[in-house]
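Have the sequence and the 3D view open, and follow along one topic at a time.

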Amino acid sequence: MNPVPQNYRVFNFFGWRIYITRHRLHKRSAGRSKKRHLCKSERLRIADYNCEMCGAPIDIRCSLHHLLPVGAPERNTVHYYRVVCPVCSERIQHAGGIRHILEKGGDK
């Protein structure tokens, strides 16, 4: 069993371990949003402004999905993102991530 982090209280709620603290949460840096926008623009250009799963035309309001899990090195580079339309994004969320869909052979 993992030890409780300092300054946290732990509650069990229907089988879930909930950690609560009184400390302030840190805001994400403003540079993160700019970098994400630039990566999305570059990936859209690479994908020729089409969804990378179904081929539907998309614009900058598309979804950006990671291919690598959290903590993987170089996870936040352009080559490990995929731009998808809202319909495919919803399907990815229900399937448990884009890697599960790609391992099955994709949608095309």
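## A buried arginine and its partners

Let's begin with Arg43, which is buried, with a relative accessible area of 8%. Here buried stands for under 20% relative accessible area, exposed for over 50%, and partly exposed for anything in between, using a 1.4 Å probe and protein chains only. Arg43 forms a salt bridge with Glu52, and their closest N and O atoms are 2.8 Å apart. A salt bridge, in this report, is a side-chain nitrogen of Lys or Arg within 4 Å of a carboxyl oxygen of Asp or Glu. Glu52 itself is partly exposed, at a relative accessible area of 23%.

## How to read this model

The model is predicted, so local features need pLDDT of at least 70 and side-chain atom pairs count only at pLDDT 80 or more, while totals for chains, interfaces and linings use all residues. Residues are numbered from 1 along each chain as its sequence is written, and side-chain values use heavy atoms, with hydrogens and water left out.

The predictor's confidence in each residue is its pLDDT, on a scale from 0 to 100. The protein averages 79, and 77% of the residues score at least 70. Confidence is highest in strand S4, at 90, and lowest in helix H3 (residues 98-103), at a mean of 62. Helices (H or I, at least four residues) and strands (E, at least two) are DSSP runs, numbered from the N terminus.

## The other salt bridges

How many salt bridges does the structure hold? There are four. In one of them, Asp59 and Arg61 meet through their side chains at 2.7 Å, N to O. Asp59 is partly exposed, with a relative accessible area of 32%, and Arg61 is exposed at 69%. Elsewhere, salt bridges that share partners join Arg43, Glu52 and Arg82 into one network.

Glu42 pairs with Arg45, with the closest N and O atoms 2.5 Å apart. These two are three residues apart in helix H1, so about one helical turn separates them. Glu42 is partly exposed, at 30% relative accessible area, whereas Arg45 is exposed, at 51%.

## The nonpolar core

Now for the inside. A nonpolar core is a set of buried Ala, Val, Leu, Ile, Met, Phe, Trp, Tyr and Cys residues joined through side-chain atoms within 4.5 Å. The largest one has 15 residues, and the members that touch the most others are Cys51, Met53, Ile58, Val83, Val84 and Cys88. Helix H1 (30-46), strand S4 (81-84) and helix H2 (86-95) each supply at least two residues of this core, with S4 giving the most, three residues. In soluble globular proteins, nonpolar side chains tend to be buried together.

Contact means heavy atoms within 4.5 Å, and, leaving aside neighbours within four places in sequence, the contacts of Val83 include Lys40, Leu44, Ala47, Cys51, Ile58, Cys62 and Leu64.

Cys54 is partly exposed, at 43% relative accessibility, while Cys39 is buried, at 7%.

## The two sides of H2

In H2, the buried residues are Cys88, Ser89 and Ile92. Seen down the axis of H2, they fall within an arc of 105°, so they line one face of the helix. The arc is that of the directions from the helix axis to the C-beta atoms. The face turned away from this buried side carries the exposed residues Pro86, Val87, Gln93 and His94.

## Positive phi values

Most residues other than glycine have a negative phi. Asp48 has a positive phi, near 60°, and lies in the loop between H1 and strand S3 (63-66). Tyr49 is found in the loop between H1 and S3 too, with a positive phi of about 55° although it is not a glycine. Asp48 is exposed, at 56% relative accessibility, and Tyr49 is partly exposed, at 44%. Just after H2, Gly96 takes a positive phi of about 95°.
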